[in-house]
Amino acid sequence: MRRLLFALGLAAALLVPATHAQQASTVARPAGGLQVLPVRGNVFMIMGGGGHVTLSVGIDGMLLVDTGSAAVADAMLAKIKEIGTTVAAAPTRLTTCVGPTCYQAGTSASFTPWGFASPSYNAIVASPAPLKPLRWIIQSHFDPDHVGGTPVLAAAGSSYAGGNLTTILGQQGAEEGATLIAQENVLRRMTETNYPEKAWALETFYTPIYKMSQFINGEGVVVYHTPAAITDGDSFVHFRYSDVISAGDLYTSDRYPMIDVAKGGTIQGVIDGLNKILEIAVPEFRHQGGTMIIPGHGRIGDSADVGVYRNMVSILRDRIQELIKEGKSLQEIKAFKPTLDYDGVYGSPDKFIEAVYQNLTAKGPVGSR
């Protein structure tokens with residue numbers, strides 16, 4: 001019976017036409033420690049290279065949100081080329097025929113096939129489209145596990161304008177490489193900490209919202225800056241048509257927020273940033289499904305998952321605030337274990353408690369957030 005059921009299931013699977021995401025999922029086998037999850041539409045999540053990397057691939061080229069760590073830069077480059085080649089080579093799903101009339105998939109456009117010039121025939125036998133280059137890299141923040149691989153990947157790319165519109169005058173080789181985009185504090189922090197110059201963004205923004213100047217792979221891409229969150233340079237990216245948010249370390253589903261107080265991070269900024277994600281995300285049914293949210297670390301989620309995470313952060317902020325009001329020191333608060341009911345999910349809380357304590361006991365604007 002089990003053999004019969006397996007044979008029937010295999011036959012059914014062979015009869016179902018593959019979607020682009022299903023075709024591209026064939027690249028999800030580990031290579032160099034990296035794994036790929038087709039998320040939705042043109043958007044993929046690449047895991048295993050430090051922080052999670054988000055890839056959009058399509059007719060305009062490839063766009064990355066972060067690049068992973070320097071240690072996996074070569075493997076990451078090979079992986080995004082593999083994904084891009086697989087998507088480009090996927091045959092166009094053109095035809096559903098009723099009698100002499102055929103219809104283009106997903107549209108009402110009809111045509112009558114003829115001989116070797118038939119669009120359906122050409123779609124199958126034509127050579128695969130060439131791989132489009134890596135055009136853009138958006139940096140969600142400046143931690144090395146997220147942007148350490150930038151010099152290698154950026155150098156392998158090519159800007160959309162070929163360097164004719166957005167370069168520094170007199171810069172040698174400015175026409176080469178992908179366009180790097182980041183909130184201006186990311187560039188400032190990189191220059192302060194001696195990051196390689198090839199990782200510095202040439203296009204920075206200071207506004208709360210940065211919209212890409214064109215549709216990329218068929219959709220609008222919008223970058224949102226979340227001030228004073230994990231650091232002072234955090235951003236998340238919304239792919240509007242695919243309805244996918246790449247959250248960076250603002251949302252890490254397997255750990256507490258790694259707030260860097262020395263670099264402008266605050267507990268209230270994290271909560272405000274998570275609320276902004278929830279403001280944009282739309283559930284498919286009540287609180288489930290809908291907008292997919294790629295975390296900086298951990299498993300992919302939706303608005304319900306981010307809501308649970310936001311609630312956890314808010315509850316722990318309030319608990320630590322009450323203990324501070326009672327006059328307890330940092331060590332006494334740690335000994336009190338205010339995070340105990342969450343530690344099984346999010347791991348060690350020590351650095352998180354320290355950061356929240358520093359925020360809430362600081363004098364001036366940071367402590368008042």
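A cavity is a set of points, on a 1 Å grid over the protein atoms alone, where a 1.4 Å probe fits but cannot get out, and its lining residues have an atom within 4 Å of a point. Grid points are joined across faces, edges and corners, and a volume is the space filled by probe spheres set on the points.

The views below show a predicted model, in which local features need pLDDT of at least 70, side-chain atom pairs count only at pLDDT 80 or more, and totals for chains, interfaces and linings use all residues. Residues are numbered from 1 along each chain as its sequence is written, and side-chain values use heavy atoms, with hydrogens and water left out.

**View 1. The largest cavity and its lining.**
The structure holds one cavity of 30 Å³ or more. The space in the largest cavity is about 30 Å³. Its lining is formed by H52, T54, V65, D66, S246, A247, G248, I294, P295 and G296. Four of the lining residues are nonpolar, five polar and one charged; here Ala, Val, Leu, Ile, Met, Phe, Trp, Tyr, Cys and Pro count as nonpolar, Asp, Glu, Lys and Arg as charged, and the others, Gly among them, as polar.

Most residues other than glycine have a negative phi. D66 is not a glycine, yet its phi is positive, about 70 degrees. This residue sits in the loop between β4 (61–65) and α3 (73–89); helices (H or I, at least four residues) and strands (E, at least two) are DSSP runs, numbered from the N terminus. With 2% relative accessibility, D66 counts as buried (buried means under 20% relative accessible area, exposed over 50%, partly exposed in between, with a 1.4 Å probe and protein chains only). D243 has a positive phi near 60 degrees, and its place is the loop between β13 (235–239) and β14 (244–246).

**View 2. Helix α7 and its buried side.**
Helix α7 spans residues 184–192, and N185, V186, R189 and M190 in it are buried. These four lie on the same side of α7 because they cover an arc of only 140 degrees around the axis, the arc being that of the directions from the helix axis to the C-beta atoms. The buried residues of α7 pack against β8 (134–139), α5 (144–147) and β9 (179–183).

At the N-terminal end, Q183 caps α7, with a side-chain oxygen 2.7 Å from the backbone nitrogen of N185. After α7 comes N194, with a positive phi near 60 degrees.

**View 3. H225 in strand β12.**
H225 belongs to strand β12, residues 221–225. It is buried, at 14% relative accessible area. A polar atom of the H225 side chain is 2.9 Å from the backbone oxygen of D234. Apart from neighbours within four places in sequence, H225 is in contact (heavy atoms within 4.5 Å) with Q183, F205, T207, P208, D232, G233, D234 and S235.

**View 4. A78 in helix α3, with L153.**
A78 is located in helix α3. Its relative accessibility is 45%, which counts as partly exposed. Along the chain A78 and L153 are 75 residues apart, and their C-alpha atoms are separated by 9.8 Å.

**View 5. The whole chain, for orientation.**
The chain has twelve helices and 15 strands. Of its 369 residues, 47% are buried. Among contacts between residues at least 6 apart in sequence, 61% join residues at least 24 apart.

Technical notes:
A polar contact is a pair of N or O atoms within 3.5 Å; within protein, one must be able to donate a hydrogen and the other to accept it, and residues adjacent in sequence count only if both atoms are side-chain atoms. On a 1 Å grid over the protein atoms alone, a cavity is a set of points where a 1.4 Å probe fits but cannot get out, and a pocket is an open set with protein on both sides within 12 Å along at least five of seven lines; lining residues have an atom within 4 Å of a point.
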